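Trainee: I would like to learn how to read charged pairs and helix features in a model. Could we go through one case step by step?

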Amino acid sequence: MTKQLIVRGAPQEYELKLNAWNSLEFHLERRNIKNILILHGEKSWNAVKPYFPELSLAKSFHYYGGQCTDSAAESFASLCKKEQFDGIVAVGGGKVADLGKFVAYKTQLPIIILPTLAATCAAYTPLSVIYDESGVMLRYDIFPKANDLVLIDPAIILHSPRELMIAGIGDTLAKWYESHVIISQLAVKPLEVQVAEFAAKKSHAILLSKSIDALNAMDKKEMNQAFIDVVEANILLAGMVGGFGDEYGRTAGAHSIHDALTVIPASHEQLHGNKVAYGILVQLMIENKQTEIEQLLPFYQQLNLPINLAAMNLNLTDSEFQAVAERACAPGEMIHLMKETITPELIIEKMKALEEFTKN
């Protein structure tokens, strides 16, 4: 018998269309929102500010601070109370979205997300990844309410940095490998889990077949269907995997390896999705699926996703290997959802084996 599942399938409303942001005021009016806090990034905000619509209602723009932390959420929650905001709009990448959702939960305000990237499924999912002030991942919090609205303008994402799209592909690719290693252990698959499995498999197929065409569209700044499909694989399908599968569709080995790498300060130079993509290969090594790694390597190399630590300029000492391995298999880590018995020694062995396997 599977554990009790909670389905968090989708935001209350989700819309992808050209010039989608222009309908923001309409959506705010429908929700009777009249005074909004707008959280935004720095580089992304400078790039997309010309596309942000003129709004006649009361608004206050704030740079989110660069990290989704407990203290940042408390600070903006206090600001919401003081300024009597009745809605939050988050404009940017995953960390801005996560902080916006966290503040919305603390203040019980509606959250509207306008993604500028397709680097994670953060715009879609009702959870936030929380970091400490130094950038070490602490936990993720799941909220009891869906995001109120996601407005995606694919033209804005078309002009986003290519390397962030690639990182999104790496992050989303993990949805299949991580959900499969858990779901494959079930004797009976509830329908919710079957939906999660379908979304994971579909996103995997789209990414392997359409990523190159999507990246070509970004290079030429010419929209095509492959690009839209990859954007929606990274945001909508990826969000559905955890949304319907709950614990069976969220994370397993790859994300536990990512989270563990955050204890190494040098890893903070690497994008989230790149570290997750590396984590997929470590997970497959733990599963002794070297044939699958061989099948993935040409795709990784085409996209310049890291195939080992060396590709991320991470030359770990023995004590750093130990620190990463202990964090990866700490009690409660999702890597334990794999059927193998996971120990720090096994993780170190497999990380080092991957270096050997991929060094030529």
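Mentor: E197 is buried, with a relative accessible area of 19%. Bear in mind that this is a predicted model.

Trainee: Which residue forms a salt bridge with E197?

Mentor: The general idea is that side chains of opposite charge can pair when their charged atoms come close. Here the partner of E197 is K189, and the closest N and O atoms are 3.1 Å apart. K189 is partly exposed, at a relative accessible area of 32%.

Trainee: How many salt bridges does a search of the whole structure find?

Mentor: The search finds 19. One of them joins the side chains of R31 and E13, with an N to O distance of 2.7 Å. R31 sits in the loop between helix 1 (24-30) and strand 2 (35-40), and E13 in the segment before strand 1 (14-16), so this pair ties together parts that are 18 residues apart in sequence.

Trainee: What is the N to O distance in the salt bridge between E287 and K289?

Mentor: The side chains of E287 and K289 meet at 3.3 Å. E287 is buried, with a relative accessible area of 12%, whereas K289 is partly exposed at 25%. Elsewhere, salt bridges that share partners join R8, D246 and R250 into one network.

Trainee: What caps the N-terminal end of helix 8?

Mentor: For a cap, look for a side-chain atom facing the backbone at the helix end. In this model N224 caps the N-terminal end of helix 8, with a side-chain oxygen 3.3 Å from the backbone nitrogen of A226.

Trainee: Where does helix 8 bend, and by how much?

Mentor: Helix 8 covers residues 225-245, and its bend of about 45° is at A233.

Trainee: How many residues of helix 8 are buried?

Mentor: Of its 21 residues, 17 are buried, and helix 8 is thus mostly covered.

Methods:
Residues are numbered from 1 along each chain as its sequence is written. This is a predicted model: local features need pLDDT of at least 70, side-chain atom pairs count only at pLDDT 80 or more; totals for chains, interfaces and linings use all residues. Side-chain values use heavy atoms; hydrogens and water are left out. The bend at a residue is the angle between axes fitted to the seven residues ending there and the seven starting there. Helices (H or I, at least four residues) and strands (E, at least two) are DSSP runs, numbered from the N terminus. Buried means under 20% relative accessible area, exposed over 50%, partly exposed in between (1.4 Å probe, protein chains only). A polar contact is a pair of N or O atoms within 3.5 Å; within protein, one must be able to donate a hydrogen and the other to accept it, and residues adjacent in sequence count only if both atoms are side-chain atoms. A salt bridge is a side-chain nitrogen of Lys or Arg within 4 Å of a carboxyl oxygen of Asp or Glu.
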